[in-house]
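This report describes the secondary structure, strand pairing and helix packing of one protein model. The sequence and the structure are shown first.

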Amino acid sequence: MEYHSPEIPEGINTSKEHPLKEFFILVIGVVGLLAIILFSLSLAAEHLAQYVPFSAEQRIATLYEDTLPAEKNIDPGEEKIQRYLQQLADQLAAAESLEPGMTIKVHYVNDGTVNAFATLGGHVVMFRGLLEKIQDENTLAMVMAHEIAHIKHRHPIKALGRAVIVGVSIGLMSTSMGDSMTSRILGDAGLLTTLKFSRDQETQSDNTAMQAMAHHYGHVTGADMLFEILQQEHGDDGLSVPQFLSTHPLSEQRIQNVNNRAV
């Protein structure tokens with residue numbers, strides 16, 4: 001019996017695909033997997049964060065209160081505004097039936113910034129710039145009730161939990177990037193002023209705010225005026241976006257939701 005070595009076809013162990021194509025497919029797959037893992041972890045952190053006692057959230061906020069915009073040299077007129085805003089907040093907080101121990105502290109800042117925000121520990125910051133755009137108490141009540149609703153639904157602590165998980169996860173992949181992000185979140189760069197809320201959270205706060213207005217005033221007149229003001233501030237050139245829009249993103253669905261309820 002005669003044996004012979006068969007001729008091996010050339011390139012039998014070589015892929016027909018270009019090496020760079022295979023590399024990019026691999027990279028996209030890894031990045032996609034990491035994105036799914038990161039998204040899942042952030043959702044888990046957001047869900048678990050709401051179970052942190054509000055008293056613990058207040059203690060966290062106490063550590064960073066000096067990062068809030070300063071209420072410097074408040075004159076008697078500004079003190080009057082501060083008292084009025086706090087009074088309104090207390091009334092709307094009662095209308096929203098906040099859980100026991102959940103208190104609201106309003107900070108009036110004499111600054112032209114068109115903004116207002118809620119943050120950890122029940123703090124609500126209102127800027128003169130936004131108040132100057134508001135023509136009546138109903139519209140102001142919509143802003144205030146909206147910010148209180150963020151606190152009621154624990155959006156600040158959820159945002160913090162999500163941000164910490166993202167920072168830690170990125171830190172596992174890139175030490176320098178992770179350290180930088182974590183230091184911005186938990187460092188002295190303004191923890192209480194940098195938390196962001198999702199569009200769903202904004203819509204939830206809109207709905208709760210309008211329920212509070214209906215309970216307190218018997219109607220929701222003025223709720224839609226807030227969005228008219230913000231759209232006017234946006235400007236036709238699309239460049240002059242008020243800071244309020246950067247922290248409270250508008251969407252046509254959100255505006256329509258408020259308009260429908262305000263009718």
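## Strand pairing

Two strands are said to pair if DSSP finds at least two bridges between them. By that criterion β1 and strand β3 (residues 123-127) pair, with five bridges in the parallel sense. One of the residues involved is K105, whose bridge partner in β3 is H123.

Strand β1 covers residues 105-109, and four of its five residues are buried, so the strand is largely enclosed by the rest of the structure.

## Overall organisation

The model is predicted. The protein contains eleven helices and three strands. Along the sequence these elements follow the pattern α-α-α-β-β-β-α-α-α-α-α-α-α-α.

The protein has 263 residues, of which 40% count as buried. When contacts between residues at least 6 apart in sequence are considered, 70% of them join residues at least 24 apart.

## Packing of α3 against α5

Helix α3 spans residues 76-95, and its axis comes within 10 Å of the axis of α5, with a crossing at roughly 65 degrees. The crossing in which α3 passes α5 is right-handed.

On the α3 side the contact involves Y84, L85, L88, A89, L92 and A93, which meet E137, L140, A141, M144, A145 and I148 of α5. Classified by residue type, this contact of α3 with α5 holds eleven nonpolar residues, no polar residues and one charged residue.

## Packing of α5 against α8

How far apart are the axes of helix α5 and helix α8, and at what angle do the two helices pack? Helix α5 (residues 137-152) packs with helix α8 (residues 199-217) at an angle of about 125 degrees, and their axes are 7 Å apart. That angle makes α5 oblique to α8. The crossing of α5 past α8 is right-handed.

From α5, the residues E137, N138, A141, M142, A145, H146, A149, H150 and K152 take part in the contact, while α8 supplies Q201, E202, S205, D206, T208, A209, M210, A212, M213 and Y217. The residues of this contact of α5 with α8 comprise nine nonpolar, six polar and four charged.

Methods
Residues are numbered from 1 along each chain as its sequence is written. This is a predicted model: local features need pLDDT of at least 70, side-chain atom pairs count only at pLDDT 80 or more; totals for chains, interfaces and linings use all residues. Side-chain values use heavy atoms; hydrogens and water are left out. Axes are lines fitted to C-alpha atoms, for helices over the stretch in contact, and angles run from 0 to 180 degrees between N-to-C directions. Angles under 35 degrees count as roughly parallel, over 145 as roughly antiparallel, 65 to 115 as roughly perpendicular and the rest as oblique. A crossing is left-handed if the near helix is turned anticlockwise from the far one by less than a right angle, and right-handed if clockwise. Contact means heavy atoms within 4.5 Å. Ala, Val, Leu, Ile, Met, Phe, Trp, Tyr, Cys and Pro count as nonpolar, Asp, Glu, Lys and Arg as charged, and the others, Gly among them, as polar. Buried means under 20% relative accessible area, exposed over 50%, partly exposed in between (1.4 Å probe, protein chains only).
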